[in-house]
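This report follows a few residues through a model and sets out their surroundings. Please keep the sequence and the structure in view while reading.

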Amino acid sequence: MPDCELIAECPFFNGRMTTTPALAAMYKLIYCHEDNVPCARHQVFLKLGKPAVPPDLFPHMQDEAETILARS
Ligand code: SF4
């Protein structure tokens with residue numbers, strides 16, 4: 001898959017969310033460069049739009065994304 005279309009503006013990808021460098025690198029490889037479909041941030045963005053994506057939602061937080069989407 002190509003890089004996620006949100007890379008240029010994504011707070012996670014651009015280091016504006018606190019995590020360890022090793023974890024960030026792993027998530028960027030798995031989600032941002034390989035497959036954005038399971039990314040929690042991308043899922044909320046697709047269904048509800050950019051303003052609905054919480055600033056502290058990490059790519060691996062699929063349960064939280066499901067909760068947000070179920071509430072909408
Ligand atoms: S964290 Fe998710 S929304 Fe952000 S660039 Fe990576 S795949 Fe896209």
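Leaving aside its neighbours within four places in sequence, which residues is Leu57 in contact with?

## Basis of the values

The model is predicted, so to speak of a local feature requires pLDDT of at least 70 and side-chain atom pairs count only at pLDDT 80 or more, while totals for chains, interfaces and linings use all residues. Residues are numbered from 1 along each chain as its sequence is written, and side-chain values use heavy atoms, with hydrogens and water left out.

## Leu57 and its surroundings

With neighbours within four places in sequence set aside, Leu57 is in contact with Met17, Ala40, Arg41, Val44, Glu64, Ala65 and Ile68, where contact means heavy atoms within 4.5 Å. Leu57 is placed in the loop between H2 and helix H3 (62-71); helices here are DSSP runs of H or I with at least four residues, numbered from the N terminus.

Leu57 has a relative accessible area of 1% and is therefore buried, a label given under 20% relative accessible area, with exposed meaning over 50% and partly exposed in between (1.4 Å probe, protein chains only). From Leu57 to Ser72 there are 15 residues in sequence and 16 Å in space, C-alpha to C-alpha.

## Helix H2 and its cover

In H2, the buried residues are Ala40, Arg41, His42 and Val44, and H3 is included in what covers the buried residues of this helix. Val44, which lies in helix H2, counts as buried because its relative accessibility is 0%. Beyond four places in sequence, Val44 is in contact with Gly49, Ala52, Val53, Leu57, Ala65, Ile68 and Leu69; for one of these, Ala65, the C-alpha atom is separated from that of Val44 by 6.2 Å, although the two residues are 21 residues apart along the chain. Just after H2, Gly49 takes a positive phi of about 95°.

## Charged side chains

Is Arg41, which has no salt bridge, buried or exposed? Arg41, found in helix H2 (residues 40-48), is buried, and the nearest side chain of opposite charge, Asp56, is 6.6 Å away; a salt bridge is a side-chain nitrogen of Lys or Arg within 4 Å of a carboxyl oxygen of Asp or Glu. A polar atom of the Arg41 side chain does, however, lie 2.9 Å from the backbone oxygen of Leu57.

Lys50 lies in the loop between H2 and H3 and Glu9 in the segment before H1, so the pair ties together parts that are 41 residues apart in sequence. Glu9 counts as partly exposed because its relative accessibility is 38%.

## Around H1

Asn36 lies in the loop between H1 and H2 and, at 12% relative accessibility, counts as buried. Neighbours within four places in sequence aside, Asn36 is in contact with Met1, Cys4, Glu5, Tyr31 and His42.

On the surface, Leu23, Met26, Leu29 and Ile30 form a nonpolar patch with about 330 Å² of accessible area together. Such patches are made of residues with over 30% relative accessible area and no salt bridge, nonpolar side chains being joined within 5 Å and like charges within 9 Å, and the areas come from the Shrake-Rupley method with a 1.4 Å probe. Leu29, one of the patch residues, is placed in helix H1 (residues 21-34).

Methods
Helix = DSSP H or I, 4+ residues; strand = E, 2+ residues; numbered from the N terminus. Lys, Arg positive; Asp, Glu negative; His and termini not counted. Polar contact = N/O pair within 3.5 Å; in protein donor to acceptor, adjacent residues only side chain to side chain.
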